[in-house]
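Subject: A structure for you to explore

Hello! Here is the structure I promised to pass on to you. Please open it next to this email, and I will walk you through what turned up.

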Amino acid sequence: MQAALEDFFRALRAADVRVSPAEAIDAHRTVDVVGFADRELFRDALCATLAKTADEVTRFESVFDTFFDRRSEAPSPQAPPEGQGDPMEGLPPEAQESDLARMLMAGDGAALAQAMEAAAERAEVSRIRLSTQRARLSRRLLEEMGLSEIERILAAARRLGGPGEAGAERLEAARKALAAQAAAYVERQHELYASGSGKRLREEMLARKALNAEGGIDPVDQAMMQALVKRMAKRLADRYSRRRNVAWTGHLDVRRTLRKSMGYGGMPFDIVFKTKKVDKPSIVAICDVSKSVAAAAQFLLTFLYSLNEVVDRLEAFAFSGRMISVNGVLDDHPVETAIFEVLKQIGFQQTDYGKSLEDFADQHMDRIDRHTTVIILGDARSNYANPRLDILATIQKRSRAVIWLNPEPESYWSQGDSVMNRYERFCHVAKTCNTLEQLERIIDDVLRTYIPH
Amino acid sequence: MTSSAEAAFDAAQSPHFASIDALVSGLAEVGYIASRRIATSLYMAVRLQKPILVEGTAGVGKTELALCTAALLGLPLIRMQCYEGLDESKALYEWKYGKQLLYTQILKDRMGVALADAPDMDAAMDRLHGMGDLFFSEPFLEPRPLMKALQEREGCVLLIDEIDKSDEAFEAFLLEVLSAYQVSIPELGVLKAETPPIVFLTSNNVRDLGDALKRRCLHLHIPLPDAALEKKIVASRVPGIEARLTAQLVDFVQSLRGLDLRKSPSISETVDWARALILLNADALEGEVVRDTLNVLLKFEQDIVAVEPQIAELIRQAGA
């Protein structure tokens, strides 16, 4: 049973339930206590030891059902020919030596199931990763069970003719049924061990996919990427949300202790320890929403909005020809669709960085103080208009940090109408940001180092 | 290890922990109607000597489970409420600074006398070293909940409430306590529990807990109960309530949970509501009474406003 449990752990891991060696040991101890007899007890007890969140409990239950269902299900046995003495009748003498042939002809379901389990172990079916491996693995499974023997017997029986033909037909039918069972078996293994890995592979790929790719992002991917962005943001939020007021235990605050001791005639009754305050960043996001950058802007906004636990204040602005504040739009619409609303208002204008910065300077400059991190997302392609570097310089002076995210690779910067090299001088950080992975890393940097002057 | 193994034997040997069914009926006797899953988790926690992490929305009976376990086993309950900024000095122990200072002041003269005949500075220092430890000994130690729990010789139930509200640093500090049932105090050494307490941690999912902590605990998620279980709970918690009223009000609450509310009523609200209805001598749900007592069930103004127009319809469904 130990091997079965180990297989079960592997299936759980494939379904994203973390099972560490220590938990595996706990599970074995659990099984020692509760035994296998009561299926429900067995399941609940294992669930308590192995699944650690409500989410994992659901996944645990589905894996448990699939996995242990397979264990109890035997391939449906062939009805043995009724009223006949020897099921092997009519087959050539080689058949007597083949175990598999005898099992097939006798319709011994339990023995067949056992043989299939054993063969599956030899063929390493449970190592399945991709759906394309299914056909090859079913074939190997059948070979391990002794399919080649059966084929030899079939050929020999056909040569015999007469009674051999009838036997061969029955064997042929049994072989087909067996092949179907093997395919179903492999299918279930795939479901157990590999269905999750396909999705994970896809998510990894999406995290590295270029956001401003030609032709945009597939709507199917779009939903998956939105979910991915939210998860990334949640991960960061969890990491940074609880560090606002860390006590430095052991570091005496001499000044405040002395001050408090005044009331006791200089006796330090109240000991005060130093505390370190970690304040939350406040962010001003300025996004170019011209066609080439809109997709990236949408993900940046989703990301930032999902961070509300760790971000003190978030102000978002969008521009192409002119700049507008989009906080209102983002409050009224879900982030996923807000970008379309913004495009309705200011889309289809000619991008003008200088004008947009002017708008910002006129109306919103007071939003920036020394606690603010300004994140600008744009390709810095300003159609040869005046880039108004002086305004960016003012922003830089007033803010804590200016971070410029450019969806274009660095080699494209300052080619054609891009003025990135001129803007770059006024940014604390200027980075290429064209995939979700890069986006996550940069936001992580903002939260962690909280880039100082 | 031997002593702790023997001691744990006690709780596990209790007749209530002979089987899951015994545990379910034992808990029912002290007023906790447990589903089989809850009982299984508790059973495993005691058998494997592991802390149990209870999650679920507010009011599903997380804290109650710990209270009832303590009542069932006749053990004292030590409760520690977590909050942001909770640290070792509040959770584990603290030196009684004031007492230490007071004693040094009072004993100042005695010390002068004791040190007066020391021939030189070194000898005086040596004597002082001998005395110094006096002030860092048990009488000056103020034990806080965690240490109290470890010091209970007969064992106890330790409830660490709302662990998700504490800081990550505190969570890390708990690891030693939870896995080895011991704590290290720099001045005194390692303090190990003679009888490991039965530990409950509760969480409202304000934040995700660390993997290290989760790994050391058994996990129990208490969902909102189904109608049958909830009826049993109401009947057990509110003695003297009529079966018909119980059925009606539980159905009403269950259908409320299907609505899109900011905070769905959980078990504690159902029980409170049942008590309120008994006090008002209501023997069936009626529009008037429900409207007046809705604030027992729903805790947000928006929710009450949203539900009020539907009351008649909901009562009709509950009656059917």
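Let us begin with a sheet in chain A. It is an open sheet of 6 strands in the order β5-β4-β3-β6-β7-β8, and its pairing is mixed. In case the word is new to you, strands of a sheet pair through backbone hydrogen bonds, either parallel or antiparallel. Here two strands are said to pair if DSSP finds at least two bridges between them. Helices (H or I, at least four residues) and strands (E, at least two) are DSSP runs, numbered from the N terminus. At the edges of this sheet are β5 (323-325) and β8 (429-432) of chain A, each pairing on one side only. From one strand to the next, the twist averages 20°. Strand β7 (residues 401-406) of chain A pairs with β8(A) in the parallel sense, over 4 bridges. To see one of those pairings, find A:W404, whose bridge partner in β8(A) is A:A430.

Which helix packs on this sheet? Helix α14 (residues 294-305) of chain A does, touching β3 (282-288), β4 (313-319) and β6 (372-377) of chain A. The direction of α14 makes about 165° with that of β3(A). For such values, axes are lines fitted to C-alpha atoms, for helices over the stretch in contact, and angles run from 0 to 180 degrees between N-to-C directions. Two residues are in contact if their C-beta atoms, placed from the backbone, lie within 7 Å.

Before going on, a word on where this comes from. This is a predicted model, in which local features need pLDDT of at least 70 and side-chain atom pairs count only at pLDDT 80 or more, while totals for chains, interfaces and linings use all residues. Residues are numbered from 1 along each chain as its sequence is written, and chains are lettered from A and ligands numbered from 1 in the order in which they are written.

Now for chain B, which has 17 helices and 9 strands. Chain B has an open sheet too, with 5 strands in the order β2-β5-β8-β1-β9 and parallel pairing. Its edge strands are β2 (77-81) and β9 (218-221) of chain B. Strand β1 (residues 52-55) of chain B runs parallel to strand β8 (residues 198-203) of chain B, and 4 bridges join them. B:I52 has B:F200 as its bridge partner in β8(B). Helix α4 (residues 62-73) of chain B packs on this sheet, touching β1, β2, β5 (157-161) and β8 of chain B.

There is also a pair of packed helices to look at in chain B. Helix α2 (residues 20-29) of chain B and helix α3 (residues 36-48) of chain B pack at an angle of about 110°, with their axes 9 Å apart. The two helices α2(B) and α3(B) are therefore roughly perpendicular to each other (a term that covers 65 to 115 degrees, with under 35 roughly parallel, over 145 roughly antiparallel and the rest oblique). On the α2(B) side B:I20, B:L23, B:V24 and B:L27 take part, and they meet B:R36, B:A39, B:T40, B:L42 and B:Y43 in α3(B).

How do the two chains meet? In total, 26 residues of chain A are in contact with 26 residues of chain B. α2(A) gives the most to the side of chain A that touches chain B, with 6 residues.

What about the inside? A residue is buried if 20 or more other C-beta atoms lie within 10 Å of its own, exposed if 12 or fewer, and partly exposed in between, with C-beta atoms placed from the backbone. A nonpolar core is a set of buried Ala, Val, Leu, Ile, Met, Phe, Trp, Tyr and Cys residues joined through C-beta atoms within 7 Å. The largest nonpolar core has 129 residues, and A:L141, A:L171, B:I52 and B:F200 have the most contacts inside it. Helix α10 (residues 163-193) of chain A gives the most to this core, with 9 residues.

Finally, here are two loop residues of chain B to compare. B:Y181 lies between α10 (168-180) and β6 (182-185) of chain B, and B:Y181 counts as buried because it has 22 C-beta neighbours inside 10 Å. B:E187 lies in the loop between β6 and β7 (189-192) of chain B, and B:E187 counts as exposed because it has 12 such neighbours inside 10 Å.

Enjoy exploring!
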